Structures are given as structure tokens and as C-alpha cells.
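Please consult the sequence and structure shown below while reading.

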Amino acid sequence: MHGPRPRRPDPLPAALTDLPNLTELRLGGLTSADVAHYLRGTTGGPVDPARVDRVHRQSGGNALYVRELTRLESPPVGALPGAGGSRVDGGAVSPGGGGSRVGGGEREPGHAGALPGGDGLRVGGGGRLPGDGGSRVGGDRAPADGEAQVGDDRAVRGGAGTQIGGEGRLPGGEGRLPGGEGRLPGVGGVPAGGEALRAGGERALPAEGLRAGDGGWVPGAGGAGQAGRLPVELRRIVEARLSRLSPACRDLLGGCSAIGAEIDPALLPEDDREALLAEAMTAGVLVEDTAPGGRLRFVHDLVRQARYETMTRTERLTWHRRLADAVHDDPAGLARHRLRAAVDAPSRRAAADAARAAAADAARRFAFEDAVRWLDQALTVAGDDPELILAAAEAEYRLGRIDAALRRCLSGPFGTADLAARAAVVVRGVGGGAMPAVLTLCARAEALLGDERSARRSRVLAQRAFIEASLGSVPGATPTTPGTTAATPAPEPSPATGTAADPETGTAAGAATETSPATSPATSPATSPATSPATSPATSPATSTATGAGIAASPGTATGAGIASGTAAGGVVRTAGLALELAEEAGDPAAVVDALHAMKEAVAGPDHIAEQLALGTRMIDLGAREDRPDAALWGRIWRIEASLLLGAMPAFQLELSALEELADRLGWPVARWHAARARATAAWLAGDLGAAAVHIGRAHTVALRMQDLSAYWQYYAFMTALLRRTGEELPGLQETLAGAAHVPIADAFAVGYLFEQGAADGALARFDRLRAALPGLPRDALWLPVVASTGEAAVLAGDLGVAEVCLRELTPHAGLHVNSVSGCYGSVSRFLGVLAGALGRYDEAIAHLEAAETMERRVAAPPELVLARVELAAALVARGAPGDRPRAGRVARAAADSARRLGLRPLRRRAEDLLAGLDREVALTAREREVAALAAEGHSNREIAERLTLSERTVETHVRNALAKLGCANRTQLAARFSVGTEENGTVLRPR
């Protein structure tokens, strides 16, 4: 006997790990030379060319198959660990131990070609996987407990896995790697077939099965019939080894292979079960699972797959029927076996029913992707069942796959009024490109429903009213009326339309079709820099808010009769009112929720605060009474937005706490998204802008997982406003804003930022669009932030005509705040002060800015208080009345100190510039101030000399000193920079 040969380099790990960023796993492509090199490395000597050709042909160039074929054909047929060693191709026989010698050299201990009892398999250059059915391909150590490694640092649940280089883990059945040409074949829950493993996906592959390479759904966690079958020779090798077992044991192993990777012995027939399982375990074919529960698994999944494939069709069908009858309290397991046994009409019906039940169970667990797959399997055996199509569409919607859900609804066989009505309301509360398709579904349903008074008609009417109200906020959009189809192109996804009304879906408005950093408040009051309600024009914050517990709202305004149709788009309000009336008449809580959503969308502007508050209260009450957490969610959101606009911070904090508790309890993505945004707003208003950025980042992460375009833009709306306060940069932000749709709300949240960044061309282009849209702007939830931002942009652009219009439009809403969970812009009074100051109406400007200072102090919003004070100081300097300059200095100093403490760099610079200007004025001597005043009026040096009885040279000296102290290069700048006024002690220069 010779000692173990030194380990030779193994060429196969490179074939598995030499991948670009591990983004794809190529399972083919090894040449005959590669195979020969590998075989030489494992045998330590020359290799028969016929063997090289056979292995290459049987493996198809698949690196894993090369390893398995090499390993599995090493010992003589039937040789098992403990029964002596093995010798192949003329080498010496080594006794016992499970080792093997392949081709001419001595056996390498541990390089086992046999199936080691309970010790797992060791493949390639690493250690071996101890009895958990996994395999190791390269690397340094074997993953434990069925883990697998693929060069990614995440570990997730799953069955037996495979390590593929690297340090991270990809347990079987979990993440996926994008791209690639093939999948790992049947390794304990890792997908088999023609696609690639993909890692880091949002969801794991469901434990119920694998997606086969042909794109179909294969129930069974690697359990049976994967699309990529093992090579014939490999199946023969395994079959030959199993032939040493008793026929009864082999038959039982067939049942085990049909169960899947994890074997529950209780599902097997009781007759001699324990003895037969013991025989299989003694032979090293089965091992105990390391997880609790007394389950077993095959020592290697290739063995399980080979055993399954070598059964006859009759044997497989028999086992799946028996297992289906044995399954209890496992809808997925039952469906898996029923589908495998579906060969005639009765078994197909049973399979469809089982798959439907598995889908319902998955939906209850919010595993909507699994639900879709089970329903698709049910459709393959049951045909185009409209109930199954509707259920699949609903699951697609809850996954955020709006386009897929609409395709099912539009193409399904929904020829009855009931089916058409249900199809019309599957996709709810969306905006953007989905709206015309939803209106088409509504038109079809209404044509079949006629004038019936029912809950189902109520829901269709509410759906139509919601969409038409949303379209009213999109310039150029034309609502589709009943009986017509939406033939006109849908608006491009943009920050202007609505979000989803269903909190359980992973979307706030549906993937790929939602729009808006400011969505429709009927569903998601995340509606722009300041969406949601406003008080009536005459209502001030001091009188329109309630204390602690909430905000006062007029009783009775949340019913259809309580909202006058003239308060908004009359037709939409009448439709929503009829929907609410029918829902209440039918006593259907779901229909009432839909109708309240539609009504909220119809009265979403700043003129209907009482109605919106009452609607929110009613939704909360309905949620508590009918156990409808979705209703409570939307009611809280609506009241949060109302509280922010009114500056009712105690009410806001109470509603926020209730929302966060609800989001934690439900775990719904959209609930967590809204809660995180509201918390970001609370941090902003409290002056903790760093925390605000963290919370909005968390909301953005949830939104990206939901694939929600509207939420994507709302993040940038919030960040754009936040960066205007902090002066920090977000790389690529200007380029991102350039990609926003050309709709008013998108222009509104970008224009001020672009002006401040010096991007004048882009800012002016957006301002021009805002100016053109202003006359026809709907008075909806987006009206207030759009008009306020347009007015601010008009001042920066020097368009006093537009500034005048905005001042007039905003004045009735002076008591409101342009704050929302999409960003904080401060009080309307501040905007009014800036506009009045630009128009030279300084007394009016200062009155508004004093009110703004009071409002921000009352709501305890330090960042907005600093902004109001900077504007007030500038207005005082500009007016220059007696006492204004000293007061301006005090206000600017307070603003600068607060801005420094809060990290508001742009506001700090503005405040310090004001202070510097005031300091330069004080630095002028009395004579310099007198001479500069005359120079600012346009007098020449000679005229000034004659008037003050001074020499021209002396006047020239005083002018030169004044220019230097005031930072002016010439008299023109002096005149442009300052105006002349009088104080008790004489002439004084004041900054304009």
C-alpha cells in the first residue's frame, strides 16, 4: 500500500466559479480536453480515451455531471461503504472506509465514489458535507444543514444546497442569480432545468416546488419529473447500486423520491416501514435530516432524482395517489401530488381543486407568487375557468404586477354581469397607463349591470369615479364614459396620478403603471409636497384644529348626501355619491370602502377639509366595526395628511403612532411605506433632517421592492425638498429629475431646486410649463403645492405677472401649511410673504411673514421657522422703515444660529449674507453714508461737492471708501444694491 497521493489541481472549480460577478452559472461547455484533465487529476495517471469520451458524452460537458459520473462509477456496482473497498481500472483494492480508487492509483481516503453512510459526498477539492444530502464543489469547507454557497453573503432557508465557490451562501430553493444558461439539476430544492440560479431575489422559490427549465411549474421540491432529466448512464449507475437492496426497500424509496427532498416517514405505508427505512439508512441511501422533526432525506439529491426517474409511469402515479391520500393539513403537499396524478377527468378536477386550495392558503400567508403559480397549474388541468382566472388576476395585483392582472381581466371569459363586475375591480386605485384599461373594464361591467341597485354595481361605479377623478388631475387626459373604451393613449407614468387602494399588495399603486411623487389622496395621501385637505379660505390654523385627540370635522359630511356635487367635478362626485348610496343600501363593507375612496378622490382639493376629515374618521370607524384593517389604514393616512396641512401636530403625532402600530401588526408593504414616510416627515419637522433622510430611505427600499413607480418619484420629491434645506448633494439627481414626466407636480417639486442649483435652463423650461398649466389647474390635492411652487419660481424667474396670480390664488389659504409626507415647504403665509415682497408690497409681505413665523413656532418646526425668519429679515431690510434694520439683524442672527445648529447650510449662508450687508452699512461713517446716499441718487461728484461744500477730491475719497465697504464695483452697483431712506438720525442706505 502506498500513502495518499498529493492532491492535484482540480480544473472544475474554475469552470464553476470563473463567472462575471457570479451573475450566471454555466452548466455546459467543458471540452473533452477539460474532462481528460480532470480525470487525470483524480486518478493520478493516464486515462483511457474511451472513458474520457464516454464521460464527456454522458455529461454533455456539464461540470457537475462530470464530477458525479466520475464519482459514482468509481466503485464496482453495488459496493457500499463498510462492505470493503473498491478498485476500478486495475488499481489495488482498499478495504472498507467508503473510499474509492479511480483508475490505476491508490484509493484516496475520503474521496469517496461510493455512497458513504451518513457521511455525505465529497466532490472536488474541499471537505465533505456531513450527511445532509448536500454536495460541495470547490471552496474550503462544507456548508452545514443543507446550506449552499455561491459567492454571496446572504444565507436563507432551503433544503440541501450546493456550494459553488465563494464565501457566501445560497441555500437550496431560495435566492436566484440573474441570467445564465442552466440551473443546478435537482440539488435539494435548487431549481433544475434550463434557467440560471438567481441570487438576491425579493422572494424565495416556494417550498412547494421548482420552476422547470421549460418555464412550467413543477410541483415538488425537486420531488419529481424535473424538465432536465439525468443522463441515462447516471440513472443506470444509481439503479444498479440500489439493486442490492430488497425489492420492498427499493419500492419504498420510490415513494420517498416522490415525496421530495424532505421525507416525512408518516406519509409512507406503515407495513414494515421502519425496517425498510432502516435498510435504506444502513446502505447509506437515506440519512436523517439535521432539522428537528424526524425527517429523512436522500444522501444526495441526484440519487433521489435518479430513483424517481427510473420508476415506471404507473409506479409514479400510484405513489402520488397514495401520498395525496396520506397528506393532512398541507394544502401545498396535497396539490403537488394531485397534480402529479392528474391523468383523467376526475383526477384533473381533484388536482384543480387541490391547487385552488393551495393558492388560497398561499394568499392567506401573503405568498402571492406561490398563489399565482398554483392557480396557473390549476388552469392547466381545468382549462379557462373564469373563477381561477379572477383569482390569479387578484394574486397578480397583490404582487404589484398590474399589467399581468389587467391582461387576465381583459382576456378572461367574463360574459356575465357578476364576472364582469368582479373583473372591473380587481385592479384598484391605480394611475398612469392602467387607468384607460380599468375604465374599459368598468364600461363592460356597467353595460351588463344596467341600473340594478347592488353592491357589485356600487363597486364598479366607485372604481370609475376614482379613475375619472384621477384623470382630472392629469392635463389633457379625457375620462372614458360608460359604454366606450379607452382608445386614447394613456398618460405616461408621472408624478401626477394615484396610488393603490389595496394595502396588502406590495405596491402603493401597482407596478409599472403608477406614477407620481404625489399620488391621489383617495388611496394614498402621499400626495405631493402638500396634498390632502385644506381648510376653508376663512379658516385659520388656530381655529380649525382640535386638541390632542384629533381634528374637528363636521358630522354627516362623509355620506353621499353630505357632499354637494358642486364642490368638485360634479359628475364624478355624483357617481361617487351614488356608489356610496348603493353600498350603504346593500350593507356591503367592501363596497362602502371603495365608495369612500372614490369620494375622497373627488373632494381631494384644499377647499374640502371637513369632508376629507369626516371621510377619514368614517374609514377608521368602519375598519374597527367590520374588522377591516385596510379601511383603518387609509383613514389614518387621510387624517395624517389633513393634520400636516392644518399644522395640527398633536393630532398628527397621535395618528402617526396609530399608523405605525397598524403597519407593524399587518406587515403590509404599503402600510410600512406610508408609516416610514410619515415618520420621515415627523423627523424633518422636528429638525432632525438626518433621521428624515434615513426614514425616507427605508420607505424607498420598500417601494423598490414593490416595484412602484409612484413611490419611486415620491422619494425624489421628498429628497429634492430636503436637499434644498441641507445643501447636500444627491449624485445624479438633476439627471433623474430630467427624466420626470412633464406634468405640473413633477415640475413643481423640481423647479426651485434647479434654480438654486444654477440649472437655469432646466428651471425656466419647467417654469414655462407651470405658467401655461396654471389657468386650468384642477383644484385637487396637487393644486396647493403646485401653485405655491409656481409662485416661488415666478419670483426667481422675475415674472411678476405670474407672482401676482399666485398671490391672489393662495391668499384664501394663508392658514395652511404646504407640508405632507412627500416633503415640507412651510406655511402658505411664507409663500405669500415672498410673493408680496417681490411685488414691492413690503407691509403686506412682512405681515404674512410674521404670521408664518408664528405658525412655524406653533407647530414646532425649527427648519421652517428658520426659513420664515430669513425671509422676514430680508423683507425688513428691503422695507427699511424706522427700526427695521436693527430688527432685521436680530431676526437674521437668530436664523443663522438655528441654521448652524440644524445643519441648514443654504439658509445659514442667506442669513449670514444679510448680517454682512447690515454690518457693512454700520461700518460707513456719517459723511460716507451721506455721500453714498447722494451717489446712489445719481448725483455726480461735482454736484455732491457743491451740495455738501466739499472738494471734489474729498467726495471722490468718500465714494471710493463707500464702494469698498459696501462691496460695490461702481456707482451702478451702488444704485442697484441700495435704496435711500431716512431715520431719526438722518439719511441711511438700505439693501433693497
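## Helix α23

Helix α23 is followed by Gly667, whose phi is positive, near 75°. The model is a predicted one, in which local features need pLDDT of at least 70 and side-chain atom pairs pLDDT 80 or more, while totals for chains, interfaces and linings use all residues. Residues are numbered from 1 along each chain as its sequence is written, and side-chain values use heavy atoms, without hydrogens and water. Helices are DSSP runs of H or I with at least four residues, numbered from the N terminus.

α23 covers residues 649-666, and its 18 residues reach 25 Å from the first C-alpha to the last, close to the 26 Å expected at 1.5 Å a residue; the expected span is 1.5 Å times one less than the number of residues.

Met649, Ala651, Phe652, Glu655, Leu656, Leu659, Leu662, Ala663 and Leu666 are buried in α23. These residues lie on the same side of α23 because they cover an arc of only 140° around the axis, taken from the directions from the helix axis to the C-beta atoms. Asp664 and Arg665, on the other side, are exposed. Buried means under 20% relative accessible area and exposed over 50%, with a 1.4 Å probe and protein chains only.

The buried residues of α23 pack against α21 (609-626), α22 (629-646) and α24 (669-686), where contact means heavy atoms within 4.5 Å.

## The second largest pocket

The second largest pocket holds about 910 Å³ of space. Among the 34 residues that line this pocket, Glu756, Leu796, Val834, Glu871 and Arg910 are the closest to its centre. A pocket is an open set of points on a 1 Å grid over the protein atoms alone, where a 1.4 Å probe fits, with protein on both sides within 12 Å along at least five of seven lines; lining residues have an atom within 4 Å of a point.

Helices that each supply at least two lining residues include α26 (709-726), α28 (744-756) and α36 (905-923). The lining of this pocket divides into 19 nonpolar, four polar and eleven charged residues.

## Helix α26

In α26, 16 of the 18 residues are buried, so the helix is mostly covered. Just after α26, Gly727 takes a positive phi of about 75°.

## His608

His608 is found in the loop between α20 (589-602) and α21. With a relative accessibility of 7%, His608 counts as buried. The C-alpha atoms of His608 and Asp780 are separated by 9.6 Å, although these residues are 172 residues apart along the chain.

Conventions:
Grid points are joined across faces, edges and corners, and a volume is the space filled by probe spheres set on the points. Ala, Val, Leu, Ile, Met, Phe, Trp, Tyr, Cys and Pro count as nonpolar, Asp, Glu, Lys and Arg as charged, and the others, Gly among them, as polar.
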